[in-house]
Amino acid sequence: MTDAILDVVGLTRSFGTVVANDNVTLHVRAGDVVGLLGHNGAGKTTLVSQLVGLLRPDAGTIRIGATDAVADPASARRHVALQPQAQAPIDGLTPRQAIELAGRIRGLTTRDARAAATDLADELDLGPWLDRRALAEGGGLSGGIRRLTSFAMALAAPMPLLVLDEPTNDIDASRRRLLWEAVRRRGDQGSGVLVVTHNVAEAERIVDDLVILHRGRVVASGSPARLRGTQDTDLRLELQLQPEADDPSADPEGLPITAVRHVRAGRRVLLTVPTGEAAPAVTWATALREQERIDGFALGPVTLEDTYLALTADAGDVVSTSTEEEVAHV
Ligand SMILES: Nc1ncnc2c1ncn2[C@@H]1O[C@H](COP(=O)(O)OP(=O)(O)OP(=O)(O)O)[C@@H](O)[C@H]1O
């Protein structure tokens, strides 16, 4: 892919017998925000570590801009700003000092670094904490404000490629919204952005493309609309099971409705049903609730979460879908 700022092809990395990345291929174009989704242990941080030269791949290639990042990680890193998953070591500094420092390291003048810190504080509503010092052992600043500071440090100077490893962890809902808007803005201003997240619903609204990793492999990639994979006219019926209760939809033969897809996630059951089945679906679910076989239900549009959970379910989880194969190969 010639206009990509990041080209990863066939990347493979094992730890002993664990294949953490298995033949991973993905691309990020300038101006695009790409979300990397996957459960714990899917291999996301292993991938990020190789992008920035902290780990060497067993096989495969990484190109960042025009640079071969495996052969010359130091040059490649000059094009990348990384927000690592671990909290940034900012004890002794205020957020303002930390952001200014990050800007200076990336070549901004003192004056521009100061302006960047002030602008980012406005953009992310960091103002009340901007001059409060981070103390040892988590003192001074909360985990969320430390994470937001680390995010702001990654954004301190414009970079061709931004790699953000779970930037929303610990952050409150209103600042998460500001953070996602800031991510989208960086894409719109021309950076390529790769954002690792567990937050499917929030990422879906701002990304151009998603890559879903499961057990080290890419199991699906494409735009959110393509990945949803079902007809726009399909609906999602969510059943909330009672503790220890059986899933009343476990046997497709016994269902009074046609479920295109069936996903079990803990005590939630997500059924994808054609719009034409809305009325019988509500009648059936209402009866289940009256019989106290479920705690409640909701009928709404299909979301990416349904697809994501279906693609990343492990053996033993209850998943059946007539569209899964189609979705997995978009
Ligand atoms: N340094 C290491 N030594 C041994 N095994 C490792 C090492 N780093 C990662 N692994 C293993 O590789 C697999 C992928 O881990 P990785 O941290 O990349 O997943 P992740 O998707 O980032 O997970 P999380 O969302 O929990 O951060 C896991 O099975 C993990 O135990």
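**Exercise 1.** In this predicted model, determine how the residues of the shell around the ligand divide into nonpolar, polar and charged.

*Solution.* Begin by listing the residues that surround the ligand, which are Phe15, Val18, Ala20, Gly38, Asn40, Gly41, Ala42, Gly43, Lys44, Thr45, Thr46 and Gln85. Next, sort them by class, bearing in mind that Gly is counted among the polar residues; the shell then divides into 4 nonpolar, 7 polar and 1 charged. Finally, look at where the residues come from: β2 (18-29) and α1 (44-51) each supply at least two residues of the shell, and α1 gives the most, with 3 residues.

**Exercise 2.** Work out how helices α3 and α4 are oriented to each other, and which residues make their contact.

*Solution.* Take the axes of α3 (residues 95-105) and α4 (residues 110-124), which come within 8 Å and cross at roughly 130 degrees. Angles over 145 degrees count as roughly antiparallel and 65 to 115 as roughly perpendicular, and α3 and α4 are therefore oblique to each other. The crossing of these two helices is right-handed. On the side of α3, the contact is made by Arg96, Ile99, Glu100, Gly103 and Arg104, while α4 contributes Thr110, Asp112, Ala113, Arg114, Ala116, Ala117 and Leu120. Sorted by class, the residues of this contact are 5 nonpolar, 2 polar and 5 charged.

**Exercise 3.** Find which strands lie at the edges of the open sheet of 4 strands.

*Solution.* Write down the order of the sheet, β2-β1-β4-β5, in which the pairing is antiparallel. The edge strands are β2 and β5 (67-68), since each pairs on one side only.

Notes: Residues numbered from 1 in each chain as written. Predicted model: local features only at pLDDT ≥ 70, side-chain atom pairs only at ≥ 80, totals over all residues. Axes fitted to C-alpha atoms, helices over the stretch in contact; angles between N-to-C directions. Parallel < 35°, antiparallel > 145°, perpendicular 65-115°, else oblique. Left-handed = near helix turned anticlockwise from the far one by under 90°. Contact = placed C-beta atoms within 7 Å. Near = placed C-beta within 6 Å. Pairing = 2+ DSSP bridges.
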